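Below are my notes, point by point, for you to follow with the coordinates open.

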Protein chains: 4
Amino acid sequence: MTELIPPLPAGARTGAYTLTLSCPDRPGIVHAVSASLVAAEGNITESAQYGSPETGSFFMRVEFTSPRSYEQVHSELSAVAGGFSMSWQLHRAGQRVRTLIMASKSGHCLNDLLFQQRAGTLPVEIPAIVSNHRDLEPLAEFYGVPFHHIPVTPETKQQAEDRLRALMAELDIELVVLARYMQILSNELCADLSGRAINIHHSFLPSFKGARPYHQAHARGVKLIGATAHYVTSDLDEGPIIEQEVIRVDHARSAAQLAALGSDVEGRALSKAVQWHAEHRVLLDGMRTIVFN
Amino acid sequence: MTELIPPLPAGARTGAYTLTLSCPDRPGIVHAVSASLVAAEGNITESAQYGSPETGSFFMRVEFTSPRSYEQVHSELSAVAGGFSMSWQLHRAGQRVRTLIMASKSGHCLNDLLFQQRAGTLPVEIPAIVSNHRDLEPLAEFYGVPFHHIPVTPETKQQAEDRLRALMAELDIELVVLARYMQILSNELCADLSGRAINIHHSFLPSFKGARPYHQAHARGVKLIGATAHYVTSDLDEGPIIEQEVIRVDHARSAAQLAALGSDVEGRALSKAVQWHAEHRVLLDGMRTIVFN
Amino acid sequence: MTELIPPLPAGARTGAYTLTLSCPDRPGIVHAVSASLVAAEGNITESAQYGSPETGSFFMRVEFTSPRSYEQVHSELSAVAGGFSMSWQLHRAGQRVRTLIMASKSGHCLNDLLFQQRAGTLPVEIPAIVSNHRDLEPLAEFYGVPFHHIPVTPETKQQAEDRLRALMAELDIELVVLARYMQILSNELCADLSGRAINIHHSFLPSFKGARPYHQAHARGVKLIGATAHYVTSDLDEGPIIEQEVIRVDHARSAAQLAALGSDVEGRALSKAVQWHAEHRVLLDGMRTIVFN
Amino acid sequence: MTELIPPLPAGARTGAYTLTLSCPDRPGIVHAVSASLVAAEGNITESAQYGSPETGSFFMRVEFTSPRSYEQVHSELSAVAGGFSMSWQLHRAGQRVRTLIMASKSGHCLNDLLFQQRAGTLPVEIPAIVSNHRDLEPLAEFYGVPFHHIPVTPETKQQAEDRLRALMAELDIELVVLARYMQILSNELCADLSGRAINIHHSFLPSFKGARPYHQAHARGVKLIGATAHYVTSDLDEGPIIEQEVIRVDHARSAAQLAALGSDVEGRALSKAVQWHAEHRVLLDGMRTIVFN
């Protein structure tokens, strides 16, 4: 396929960085970090901080520009990070998060992600799509993304996950997105992907956990249906929530119509969650997320 | 208190009626009903019908004007209702639903209902407020509504419900609204009030059933909180849902702040549910509601 | 491309019809129409009526099933329609509205429409896409829709519209959708397409009419941006509104980011408007629309 | 009236401060400010920064605690503020903004503000209500707020504004809220109140400026109506927007019903704008607002 939309200009944000950090809360963190940025000739363009009363952790995200190299900036920050027991990451602004998408037969979430990535509104690279079915292969081909058919049966599940892990290693994958992937990942894989895998659940969690949420919603007669994008954990449908969306429905909608209406909010919630993760706006605070947006 | 807002002009809708009905679905219902209306010289101003595939029931609501008296119109409709095994009600448009409100200490839902009733946007009459505490008595007095303090302890619960029933009988109450009333009604009372009592639950049901829903919501890290107005049943928090509202929240809100934000959506969901009930727009379809709005 | 999603089963709703009508309001309309339906052995599954106080018109939409043929049902209805000076249409439920989509370079609205049509949630057939540019040809090809490149310059505008009219005639087009088509249609074409052409305007009309609405919105500092789907009239941006959607934004979004966020609400508003039109839920009441949904 | 809801515990946030500042953007601002906070033994609990590309200004808001006195903290900040040409303000967290509310005959916005102030969710003190009519006097009395009846005619307008100014001076008023006050303030008063007066406009600005916006909205057939809270400027309906809210409506609503529905969103938008202003979350960036919330 030819380019629908021109790509981001290369190097458009050279010299722009995003820093995220969390550490035990105490006085002086912002001052120490800003001292490093001053030392790196940095200029802050957007920043937010938050101290969590529940966990006693402090969270910070800074977008800044600097004439210094990544290594130089990193070195300045390293000097202060140790003293505060920080978890921290420095990202180059222009660098897209390498993302593998998994799907099954439903294509609406995949279609949204691929279109937005192509349009330039989703700062990710997508070097692979993995599916346990072949239905979505044409869509992957249209967007020029390599499609990997990895079928899963109870007997081959371990082998399938081994192939997935090999693919992730080979392609240097940073983020896995489950875009209506209808297989449950093993506990080991969930643990290994902690904080690096986003799932879309087709209900307004914690309502209607488990199977067939739209049928549950219809039976219960709710007046709003929703979707939830969350980090994957081994405790199914219980991972930290990143984004939720709802849509109003009425009595005349069947369960099948709820599913059709819901596909729209699923795509939106997932796209936003992926965007914010890729912009390094989401930090983990125990079982909750801090979203600086 | 003097009148903040002028009352509805008396007789403004004389000769206007609202008919609601439900019956087993079969051909010819609309034709038979409209024949009665033609016989009563009726002119339809707004109408809606719905056939429920799940329960096989047909639902209809008609607003119409007619020069005939209530008794004459009623008589025309009686003639067809029997043949279709209809449940049906004919309401005079100007007649306000006699409503008793129950509350405890939190006044936000009560305040919303009283203000809107006074403003003329809620077509109910409120001849009594019942509470197990005295905190809201000044608010009741301000709006000129008799306040009945009926304390409840485990020992006096039966006696308290007897007083409530006596009050309802004396005042000819058609609707009971639980506006953050923090006592659980007995199964017998719930059964007797079936379809005539509306509760506001401070969560987006079925999420966070039971106690302290805002604390549950905070702990779970949801990104939207909500409120649910539903008919009361003996199965707590499981009654037919009439209306739900949500509001977006973020990580920085404490459970107490969620409760403050939520009070706004509670008031809105409850007011709408009461309005639609009072306008005869809500019909019961098993455990679900049909809302013609 | 292979089928992503199985098509609707042929004849799935054989014997299902949708009737829409409008006429001067007076008593007896519903009764006369329902008599015709009884005569046609019809069973109403969903219906709504509305009398407009402003224009004195009555509007009605009925979904019903009948064992009779289209011609037989049509004949029964014809017998009553004349007496009430009705504008009316009888549609077979299974019959998809033949829709021509026009676009320019932005593909998000086109992509949404094509995906949803393929997924079966949009009851239209799309026999042609017309564009004044070639950028979206690959997307059309992927969905197997013939793409017609009709360039437009001030000199060739009349000729381009002639080609469009010829194409519409040849393909028996019932609905034209302007999915971010960046050319203004001539007054004559607008008049000829009255009630049969839907445009998406990228603002919350009537705010920000005219060019570059997201730049206008950014300069004004609004906190919500929106999109408006409306019928095309020769009075630009003033046609009857079918659907509007908004999304919350904050001070940190640039005009370009507003445009990116807005593309999501544009697609949603347009898709809903097309769906409701195709389901025969939209009726014109002067410069306003009645939407029975 | 007795207390509906217990007041905030006195001194609950002793030692908590909020700093807001804006200045020309350049490197080192955050570092210099945080150095002052470190010098004042401050601990940051919530903070946000933003650099505006349009105006080249930098904006910062910091909530922090410190064992030092207000004067000591103020002195530390003064030392750095001059070097950056900052506009800045230091607020004690427990100190409520002294607010005068103006209204005319419609009480819904006033009722919302008074109820929320009493409930403790709106951090303002309300030492006076001013109205050109007596209709809302009972509501003011119920909440124990002195009510000042200042009639306005073309002849007495200057005299009325003089009384208002005298009252503001006497009561040390920091914020004026126009809660559906139906008189236009003079250009001089608008200028003097710049950034200190909030109005609620009953439309989704810039749509439907001027008189009778709900009638305009009805005539135009919009599908969403809204309300806009903005700072007052002499350029009517053009002041910087703080908050906007919308609500969905359909064809069946009359202009009067739109006004009733709209009163709900008016109250919400105004209450939020007042809350954010009182929490020092709103900063002016030319004709736009930065809202750190």
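Predicted model: local features only at pLDDT ≥ 70, side-chain atom pairs only at ≥ 80, totals over all residues.

**Notes on helix packing, buried residues and cysteines**

1. Helix 1 of chain A passes helix 2 of chain A in a right-handed crossing. The residues that make the contact are Ala32(A), Val33(A), Ser36(A), Leu37(A) and Ala39(A) on helix 1 of chain A, with Glu76(A), Leu77(A) and Val80(A) on helix 2 of chain A. Sorted by class, the residues of this contact are six nonpolar, one polar and one charged.

2. Helix 1 of chain A covers residues 29-39 and helix 2 of chain A covers residues 70-81; their axes come within 9 Å and cross at roughly 155 degrees. Since angles over 145 degrees count as roughly antiparallel, helix 1 of chain A is therefore roughly antiparallel to helix 2 of chain A.

3. Which residues of helix 1 of chain A are buried? They are Ile29(A), Val30(A), Ala32(A), Val33(A), Ser34(A), Ser36(A) and Leu37(A). Their cover includes strand 1 (16-24), strand 2 (43-51), strand 3 (57-65) and helix 2 of chain A, and also helix 1 (29-39) and strand 2 (43-52) of chain D. Just after helix 1 of chain A, you will find Glu41(A) with a positive phi of about 55 degrees.

4. Please also look across to chain D, where Val38(D) sits in helix 1 of chain D. Apart from neighbours within four places in sequence, Val38(D) is in contact with Gly28(A) and His31(A). Val38(D) has a relative accessible area of 37%, so it counts as partly exposed. Within chain D, Val38(D) and Ser66(D) are 28 residues apart in sequence, with 9.4 Å between their C-alpha atoms.

5. Chain C has its own helix pair to check. The axes of helix 1 (residues 29-39) of chain C and helix 2 (residues 70-81) of chain C come within 9 Å, crossing at roughly 155 degrees. That angle makes helix 1 of chain C roughly antiparallel to helix 2 of chain C. The crossing of these two helices of chain C is right-handed. Helix 1 of chain C brings Ala32(C), Val33(C), Ser36(C), Leu37(C) and Ala39(C) to the contact, while helix 2 of chain C brings Glu76(C), Leu77(C) and Val80(C). The classes here are six nonpolar, one polar and one charged.

6. Is Leu139(A) buried or exposed? Its relative accessibility is 0%, so Leu139(A) counts as buried. Leu139(A) lies in helix 4 (residues 137-142) of chain A. Setting aside neighbours within four places in sequence, Leu139(A) is in contact with Gly107(A), Leu110(A), Asn111(A) and Leu114(A), as well as Phe142(C). The C-alpha atoms of Leu139(A) and Glu46(A), 93 residues apart along the chain, are separated by 37 Å.

7. Finally, the cysteines. How many disulfides does a search of the whole structure find? Over all chains, the search finds zero. Cys190(D) is in no disulfide, and its nearest cysteine sulfur, that of Cys109(D), is 18 Å away. A disulfide would need the two sulfur atoms within 2.5 Å. Cys190(D) has 6% relative accessibility and so counts as buried. Cys23(D), at 4% relative accessibility, counts as buried as well.

Note on methods: Residues numbered from 1 in each chain as written. Chains lettered and ligands numbered in written order. Heavy atoms only, no water. Axes fitted to C-alpha atoms, helices over the stretch in contact; angles between N-to-C directions. Helix = DSSP H or I, 4+ residues; strand = E, 2+ residues; numbered from the N terminus. Parallel < 35°, antiparallel > 145°, perpendicular 65-115°, else oblique. Left-handed = near helix turned anticlockwise from the far one by under 90°. Contact = heavy atoms within 4.5 Å. Nonpolar A, V, L, I, M, F, W, Y, C, P; charged D, E, K, R; others polar. Buried < 20%, exposed > 50% of the residue type's maximum accessible area, 1.4 Å probe, protein only.
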